[in-house]
Amino acid sequence: MIKKIFKIEGMHCASCAMNIDGELEDMKGVKESNTSYVKMITKVSYDEELVTDKKIIDSITKIGYTATIA
């Protein structure tokens, strides 16, 4: 299991953070996602054999936000 922080752009409220967490936690291999609207980051714990940084970023982008590795 690995933990990484991703910088998020485009969030407008706390519901945006919940949307990101829900999307990521539905991915196979993601154990936990903790997104902070105030800090504009998400901390993700995941199995790097099942999911890649690119898949996480693509998933966040798909729902309308911009993500980069912090």
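Asp53 is buried, its relative accessible area being 18%; buried means under 20% relative accessible area, exposed over 50%, and partly exposed in between (1.4 Å probe, protein chains only). The residue lies in helix H2. Helices (H or I, at least four residues) and strands (E, at least two) are DSSP runs, numbered from the N terminus. This is a predicted model, in which local features need pLDDT of at least 70 and side-chain atom pairs count only at pLDDT 80 or more, while totals for chains, interfaces and linings use all residues. Residues are numbered from 1 along each chain as its sequence is written, and side-chain values use heavy atoms, with hydrogens and water left out.

The side chain of Asp53 makes a polar contact of 2.6 Å with the side chain of Lys4 and another, of 2.3 Å, with that of Tyr46. A polar contact is a pair of N or O atoms within 3.5 Å; within protein, one must be able to donate a hydrogen and the other to accept it, and residues adjacent in sequence count only if both atoms are side-chain atoms. Neighbours within four places in sequence aside, Asp53 is in contact with Lys4, Phe6, Tyr46 and Ile69, where contact means heavy atoms within 4.5 Å.

Besides Asp53, the buried residues of H2 include Ile56, Ser59 and Ile60.

After H2 comes Gly64, with a positive phi near 105 degrees.

## Helix H1

The twelve residues of H1 (residues 14–25) should span 16 Å at 1.5 Å a residue, and the end C-alpha atoms are 17 Å apart, which agrees. The expected span is 1.5 Å times one less than the number of residues.

Cys16, Ala17, Ile20, Asp21 and Leu24 are buried in H1. Seen down the helix axis, they fall within an arc of 140 degrees, so they line one face. Their packing partners are strand E1 (2–9), strand E2 (30–36), strand E3 (41–46) and helix H2 (53–62).

## The nonpolar core

The largest nonpolar core has 17 residues, and those with the most contacts inside it are Ile8, Leu24, Ile56 and Ile60. Such a core is a set of buried Ala, Val, Leu, Ile, Met, Phe, Trp, Tyr and Cys residues joined through side-chain atoms within 4.5 Å. At least two core residues come from each of E1, H1, E3 and H2, and H1 gives the largest share, four residues.

Leaving aside neighbours within four places in sequence, Ile8 has contacts that include Ile20, Ile41, Ile60 and Tyr65.

E2 and E3 run antiparallel and are joined by six bridges; two strands pair if DSSP finds at least two bridges between them. Asn34 has Lys43 of E3 as its bridge partner. Four residues lie between the strands of this hairpin, in which Met40 takes a positive phi near 60 degrees.

Notes:
Arc of directions from axis to C-beta.
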